[in-house]
Amino acid sequence: MKIGIVGLGLIGGSLGLDLVAKGYEVVGVSRRLSTCNTALARGAVTRAGTEMGLLDNCDLIVICTPIQAILPTLEQIVSSLSSPCVITDVGSVKGVIVYRATELCPHFVGSHPMAGSANQGIEAAVANLFENAPCVLTPISQTSPQALQTVSAFWQSLGSRLHFTTPELHDQAVAWISHLPVMISANLIYSCTQIKDKEVLSLAQLLASSGFRDTSRVGGGNVDLGLMMAQYNRDSLLASLKQYRENLEYLISQIEGENWDNVRAFLSLCQQQRPNFL
């Protein structure tokens with residue numbers, strides 16, 4: 001089986017490491033020749049280059065570019081192939097992608113593997129990144145059943161746990177558990193940098209440890225990815241931010257009013273509910 005990967009960053013490179021280890025022919029395409037050379041040196045691809053024509057005769061192509069490049073990349077791929085091919089992506093937003101992508105390619109299936117790290121680039125690629133990680137597939141009425149079966153089997157072969165839903169429900173859910181945390185985490189970092197008392201700021205920086213590290217991790221990650229979450233999942237993210245603001249205002253009011261029983265009930269509910277999301 002010949003598999004193409006377009007975009008050899010953390011996700012594309014990690015995919016390649018697993019696929020090469022399984023004995024597949026893996027063709028990588030990247031904008032930079034230096035990235036291709038690194039991917040080859042790391043064993044993440046068996047062949048790599050900057051031209052889409054390398055993807056001809058692939059059985060499956062995975063687009064691992066940033067969100068804004070997925071549709072333009074798909075257009076380039078389709079125009080470069082001599083025969084039809086099943087194509088999927090790894091974008092964290094699906095509504096703005098899936099419908100147009102299916103028009104461009106009848107064999108397209110939207111995917112979102114929920115795996116990653118704060119690091120980026122081919123140097124950050126790791127083996128087994130997708131093992132036991134959720135992977136959401138977002139078929140629509142026009143999705144080819146055969147293509148869906150191919151993409152499903154692909155992710156399952158990497159150890160992913162599959163979930164099927166609509167692009168709309170996907171975007172609303174990830175706004176809450178992925179995109180909103182990035183904005184909250186970023187705002188935590190920003191708010192701390194705005195401490196007016198320089199002595200307090202300096203001491204806070206010295207004392208910050210595991211609690212701050214854990215809650216600030218996603219907010220201190222890939223800037224472009226965070227921006228694309230806001231741009232391409234704007235409506236769902238705004239809805240979750242506004243609901244978060246309402247809940248925060250409630251908590252503020254309870255602390256201001258010294259309603260400690262209500263604060264305890266709030267924290268107890270959070271303690272009880274957290275395992276349902278993990």
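Helix α6 covers residues 167-193, which is 27 residues. In this predicted model, α6 reaches 37 Å from its first C-alpha to its last, close to the 39 Å expected at 1.5 Å a residue. There is still a kink in α6, about 55°, centred on Ala175.

Ala175 is also one of the buried residues of α6. Others, among them, are His170, Asp171, Val174, Ser178 and Val182. Residues three or four places apart on an α-helix point the same way, because a turn takes 3.6 residues. What do the buried residues of α6 pack against? Two strands, β7 (111-113) and β8 (134-137), are on the list. The helices are α4 (95-104), α8 (210-216), α9 (223-232) and α10 (234-256).

Now the aromatics. Searching the whole structure gives three aromatic pairs. Take Phe130 and Trp155. Their ring centres are 5.7 Å apart and their planes sit at 65°, so this pair is edge-to-face. Phe130 lies in the loop between β7 and β8, and Trp155 in helix α5 (residues 145-157).

Next, Tyr250 and Phe266. This pair is tilted, with 6.5 Å centre to centre and 35° between the planes. Tyr250 belongs to helix α10, Phe266 to helix α11 (residues 260-273), and they are 16 residues apart. Buried or partly exposed, this Tyr250? Partly exposed, because its relative accessibility is 38%. Phe266 comes in at 25%, so Phe266 also counts as partly exposed.

Terms used:
Residues are numbered from 1 along each chain as its sequence is written. This is a predicted model: local features need pLDDT of at least 70, side-chain atom pairs count only at pLDDT 80 or more; totals for chains, interfaces and linings use all residues. Side-chain values use heavy atoms; hydrogens and water are left out. Helices (H or I, at least four residues) and strands (E, at least two) are DSSP runs, numbered from the N terminus. The expected span of a helix is 1.5 Å times one less than its number of residues. The bend at a residue is the angle between axes fitted to the seven residues ending there and the seven starting there. Buried means under 20% relative accessible area, exposed over 50%, partly exposed in between (1.4 Å probe, protein chains only). Contact means heavy atoms within 4.5 Å. Rings of Phe, Tyr and Trp (its six-membered ring) pair if their centres lie within 6.5 Å; planes under 30 degrees apart count as stacked, over 60 as edge-to-face and the rest as tilted.
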